[in-house]
Amino acid sequence: MPYGVRRGRQTGVYDTWEECREQVDCYPQASFKKLPTYGEARDFVETRERNSSYSSAGRSAEVYTDGCCSRNGQYGANGGIGVYWGPNDSRNVSARLEGRQTNQRAEIEAAYTAAKQARNDNVTHLEINTDSKFTIDGMTKWVPRWKENNWKTIDGRDVINKQDFQKLDKACENMDVKWNYVPGHSGNAGNEMADQLAKAGSSK
């Protein structure tokens, strides 16, 4: 699928992420997007920009998050989190996961970090793009039921990752959060950058 670069070193439609990245990497407030067709990519480029694809505009914002954990579930596991707001954005995060080292905790922590940043920026409408169906299902399906059941599962057991989900739920409070699933390693530019940040964080 093609990439449309609306704001970068040279605007236009590009066939690969590598070509797109040359135009937007480290470019201030770059605006780019992966689209299903070349026609949609051209429309994106030609449409007058109202706000950057990855940076906050007014009280709305979009972000990509990812978590990883090498040797997940084994001795010596190392987790990392990645938060990607856009090229050369000072809010981008690449950090080591604190506490228990698991991939699921890393995914939740990355989303929490993004939500906390958005709250500090007075964002009221936030889109979180993640390849973690676990985090999305947790926040959209399970957390509401757990809260009604005093943070117990349907069969009365303690919720795994309870404190992590409670922290994320609190950060999203009074903020309109839209959760978008992005398949990992599918060529999505924002997801690829968040993945790189998470992997770099795990080695810190």
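An open sheet of three strands, in the order S2-S1-S3 and with antiparallel pairing, is found in the predicted model. Strands are DSSP runs of E with at least two residues, helices are runs of H or I with at least four residues, and both are numbered from the N terminus. Two strands are taken as paired if DSSP finds at least two bridges between them. The edges are formed by strand S2 (12–14) and strand S3 (31–34), each of which pairs on one side only. From one strand to the next, the twist averages 20°; angles run from 0 to 180 degrees between N-to-C directions, and axes are lines fitted to C-alpha atoms, for helices over the stretch in contact. Strand S1 (residues 3–7) is joined to S3 by four bridges in the antiparallel sense, and Val5 has Phe32 in S3 as its bridge partner. Helix H2 (residues 38–46) lies across S1, S2 and S3 and runs at about 5° to S1.

Residues are numbered from 1 along each chain as its sequence is written. The model is predicted, with local features requiring pLDDT of at least 70 and side-chain atom pairs counted only at pLDDT 80 or more, while totals for chains, interfaces and linings use all residues; side-chain values use heavy atoms, without hydrogens and water.

The domain assignment divides the protein chain into domain 1 (3–46) and domain 2 (60–203); such bounds come from an automatic or database domain assignment. The centres of the two domains, taken over C-alpha atoms, are separated by 26 Å. Contact, defined as heavy atoms within 4.5 Å, involves ten residues of domain 1 and nine residues of domain 2.

A further open sheet consists of five strands in the order S6-S5-S4-S7-S8, with mixed pairing. Strand S6 (93–96) and strand S8 (176–181) stand at the edges with a single partner strand each, so one side of each has no neighbour in the sheet. Neighbouring strands are turned against each other by 20° on average, direction ignored. Strand S4 (residues 60–70) pairs with strand S5 (residues 78–84) in the antiparallel sense over seven bridges, and Tyr64 is bridged to Tyr84 in S5. Helix H3 packs on this sheet and touches S4, S5, S6, strand S7 (125–130) and S8, its direction making about 155° with that of S4.

Parallel pairing links S4 to S7 over six bridges, with Ser60 opposite His125 in S7. S7 and S8 are likewise paired in the parallel sense over six bridges; in S8, Lys178 is the bridge partner of Glu127. Helix H4 (residues 133–148) lies across S7 and S8 and runs at about 145° to S8.

The axes of H3 (residues 103–120) and helix H5 (residues 162–171) come within 9 Å and cross at roughly 20°. H3 is therefore roughly parallel to H5, a term used for angles under 35 degrees. The crossing is left-handed, that is, the near helix is turned anticlockwise from the far one by less than a right angle. On the H3 side, the contact is made by Arg105, Ile108, Glu109, Ala111, Tyr112, Ala115, Lys116 and Arg119, which meet Asp164, Phe165, Lys167, Leu168, Lys170 and Ala171 in H5. The residues of this contact comprise seven nonpolar, no polar and seven charged; Ala, Val, Leu, Ile, Met, Phe, Trp, Tyr, Cys and Pro count as nonpolar, Asp, Glu, Lys and Arg as charged, and the others, Gly among them, as polar.

How values were computed
Angles under 35 degrees count as roughly parallel, over 145 as roughly antiparallel, 65 to 115 as roughly perpendicular and the rest as oblique.
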